[in-house]
Amino acid sequence: MRLFSRPVLGVLAIWVAFAAVLSVITARVSDWFVMTDELVYERLAISIVQTHSLIPRLHGEVVKSFAQLYPALIAPWFAHGYVPQDLVNAHVFNAWGMSSACIPAFLLARRVTGRRDAAYLIAFISVATPWAIYTTTLLTEVVAYPVFLWAMLAIQRTLVAPSRHADLVALLGIAVAFFARTQFLLLVGVLPVAVALYSLGKQQGWRAWLRSALGAHRVLVGAYAALAILVIAAAATGRSIFQFSAYGSQTSGQLLSRHIAGPITGHVADLAFGIGILPLLVGGAWLLANTFHPAPAAELHAFACLGAATVTIVVVEITTWDLHIGTFVLDRYLFYVVPVLFVAFLCALRDVKRPRWSLLVPTGIVACGFATHLQGDFLWSGQFPLSTDSPIATLYKPIADLGGGKGGASAILVVATIALAALFVVADHLVRHAVLTMALAAALLVALPADTAYTFAKLFSRDGHAVRPLTRSESGILDWLDRAVGTNARVTEVPYPVSTAFLVTQKFWRDLEFWNKSVRFDVHYPTPDVYADAVVWFPNNPLEFNRNTGVASATLTPYVVQSVNETRFRISGNVMVQRPDVMLIDASAPWRTDWLTSGLYDDGWTQPRTPARVRVFATPGQRHAVMRTLTLQVRAPIEVDRRPFEIAWKGGSLHADANGTNSASERVDLCVPAHGFAEARLATPVSSEIPGDQRSRDTYTLTRKGGILLAGLSLADEIGARCRT
């Protein structure tokens, strides 16, 4: 095919037209929608810019992430300027990147069907799907989709016309797909299975089959032998290939899960639902029939083998993965096979012998899936914004409303599945092939763009998961830190409650890192699990303090952001920016803390029958004992009207009462010795139930016993008069 031939110009026109329309839509989105996935890929892209390296790093540490293709491609958009505009630019790039899938889809369809009109149809409907919604997010799906189709095209080529060059291109396609999305390690299994099925269909006897498969693909044999040696060597040393991915802990090293048969039907049914049911029924039946009863044309037989292997392996493995999370379907991992099913559907429509009896298998699977494993209703009930894990789920709701609930929806979809299969068989008898093909193609051309438009409308119809309008720019608002110190500055954040509501605190710290390039490190103190929900998957930058001097174990950055409510420690330095929730500190080097507490829960509540202690340390170069003023804000549980407490220190003490409405403010004058510390003790004889600990989502929902809340702690900057300790 010549570079500027009519077919090439035609598919490029489809790409440009669709990308132009999509870029107008994606440019409207000015906020994140999926946390913490978008935060991870944004920070990986920013890390590439800051370190000039493709090695994946988060918070200065190398992380287990092979999916570096997408971060590398969007990195240029984050090289200059502030994140709000960078985000919009990346969304526009997404529109062009994901819609480029029409090109390999066109080439694959034309190669298999031999028809230009069919290839144009596949090119259009492959990008006009509800999953185009991913262009509004910073997710790997954006580039993984077209890369997957390029890999499919390369494998199809080596099946039909095997050669060293074709094998190498297929391996390269799989490798690039793997670096686009780690999930595509599955293609390592798809390729040999497809080769085996294709060779089996051409040869009589297993010996001839084995000679044909191995002899035609010597490069593949060598590559897979080397891979097998690596896997065996890893197993011999007690390692697993799953350890090289951040998701490895969730796979439990299992390629298959027990009791998987039922959930598989649910996954197939959900995939069918997303593309109108009939394309999967007919396309799946055609793949099944032509894999084991080869079509006379080599391209058709090879594609049937490739399509059957791909759909089967992807569905089985994604079902296994989803079962580690719940009983629902994450079709964001399945939609890659949609163009394969569309091509199979068109092949079936053009086939002289259209599927009939072979329809029984996919129809039975889909009907069973709808009947017993319908998509979880929390994904489509409307209680949450549109789910990016299952963008097609939103269409279940009108069906459930029509049927009076989830059970009614299942019944409607089961009947629709069987009816569509039956109607197809009847229409095949009564309607001319060309007319039926054109009618069904026209239905796809209308239904899929309409479904996609509906999905985008649902996306914009309500606030996103950040509880903000998706189209509202956060420029000059949430990027305040970068504007204060510059995008090239180095800042450490120390997550701690900024609100009594866990989700408010969680979103604040996620926003701080997402919208500000200057955030480089993240300290979870005293253990890595404390407030780790703020940035899931991110490594902790551990920090310890000398309890006699207050000197920190590390000096990470010149600037630190801490909550104004912080009660664990306070990094020494001048406050550059004071906000209602946090303060930006120009930290003294080397790092040290002005004060350090012990005996408290991680969020400032006193533990039952345990006094809390506050140590105030001498300043660097302090030559003699001086007076320092410490102010403590104390509050009782919200339902308590009066709770007594005592503050004691060397040379004095005070008794007061706290209530659950207003914080009691108490000042303590401490004599801090040179090269040492002074200590105040806070205690209450009473304890009762208090709110859950905000250190994690799990502990936040659990009640616990506690006394009083140390709601605030501050040390006056002024150095007082000399004193005697």
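**Cysteines, Cavities and Salt Bridges in a Predicted Model**

Good morning. Buried means under 20% relative accessible area, exposed means over 50%, and partly exposed lies in between, with a 1.4 Å probe and protein chains only.

Two remarks on the basis of this talk. This is a predicted model, in which local features need pLDDT of at least 70 and side-chain atom pairs count only at pLDDT 80 or more, while totals for chains, interfaces and linings use all residues. Residues are numbered from 1 along each chain as its sequence is written, and side-chain values use heavy atoms, with hydrogens and water left out.

I turn to the cysteines. Which residue is the disulfide partner of Cys723? The partner is Cys671, and the two sulfur atoms are 2.0 Å apart. A disulfide is here a pair of cysteine sulfur atoms within 2.5 Å, and the structure holds 1 of them. The link of Cys671 and Cys723 is right-handed, with 95° about the S-S bond. Cys671 belongs to strand β14 (residues 664-672) and Cys723 to the segment after β18 (709-715), so the bond ties together parts that are 52 residues apart in sequence. Strands (E, at least two residues) and helices (H or I, at least four) are DSSP runs, numbered from the N terminus.

What of Cys102 and Cys347? For Cys102, the closest cysteine sulfur is that of Cys347, at 19 Å, which is too far for a bond. Cys347 in turn has its closest cysteine sulfur in Cys305, 13 Å away and again too far for a bond. Cys102 is buried, at 0% relative accessible area, and Cys347 counts as buried at 4%.

Next, helix α14. How far apart should the ends of its 15 residues be? The helix covers residues 278-292 and, at 1.5 Å a residue, should span 21 Å; its end C-alpha atoms are 22 Å apart, which agrees. The expected span is 1.5 Å times one less than the number of residues. Of the 15 residues of α14, 12 are buried, so the helix is largely enclosed by the rest of the structure. Among the buried residues are Leu278, Pro279, Trp286 and Asn290.

By contrast, Pro76 counts as exposed, at 54% relative accessibility. Pro76 is placed in the loop between α3 (69-74) and α4 (83-99).

On a 1 Å grid over the protein atoms alone, a cavity is a set of points where a 1.4 Å probe fits but cannot get out; a pocket is an open set with protein on both sides within 12 Å along at least five of seven lines; and lining residues have an atom within 4 Å of a point. Grid points are joined across faces, edges and corners, and a volume is the space filled by probe spheres set on the points.

The second largest pocket has a volume of about 1,500 Å³. It is lined by 37 residues, and those closest to its centre are Met35, Thr36, Asp389, Arg510 and Arg697. Helix α22 gives the largest share of this lining, 5 residues.

How many cavities of 30 Å³ or more does the structure hold? There are 2. The largest has a volume of about 70 Å³, and its lining includes Phe502, Trp509 and Asp533. The second largest cavity holds about 50 Å³ of space. Helices α1 (6-26), α4 and α6 (116-127) each supply at least two residues of the lining of this second cavity.

Finally, the salt bridges. A salt bridge is a side-chain nitrogen of Lys or Arg within 4 Å of a carboxyl oxygen of Asp or Glu, and the count comes to 28. Asp428 pairs with Arg354, their closest N and O atoms being 3.2 Å apart. Asp428 lies in helix α19 (residues 406-430) and Arg354 in the loop between α16 (338-350) and α17 (360-372), so this pair ties together parts that are 74 residues apart in sequence. Asp428 counts as buried at 7%, and Arg354 is buried at 5%.

Lys397 and Asp401 also meet in a salt bridge, at 3.2 Å from N to O. These two are 4 residues apart in helix α18 (residues 396-403), about one helical turn. Lys397 is partly exposed at 29%, whereas Asp401 is exposed at 53%.

Arg568 and Glu566 form a further bridge, at 2.8 Å from N to O. Elsewhere, salt bridges that share partners join Asp31, Arg468, Arg472, Glu474 and Asp511 into one network. Thank you.
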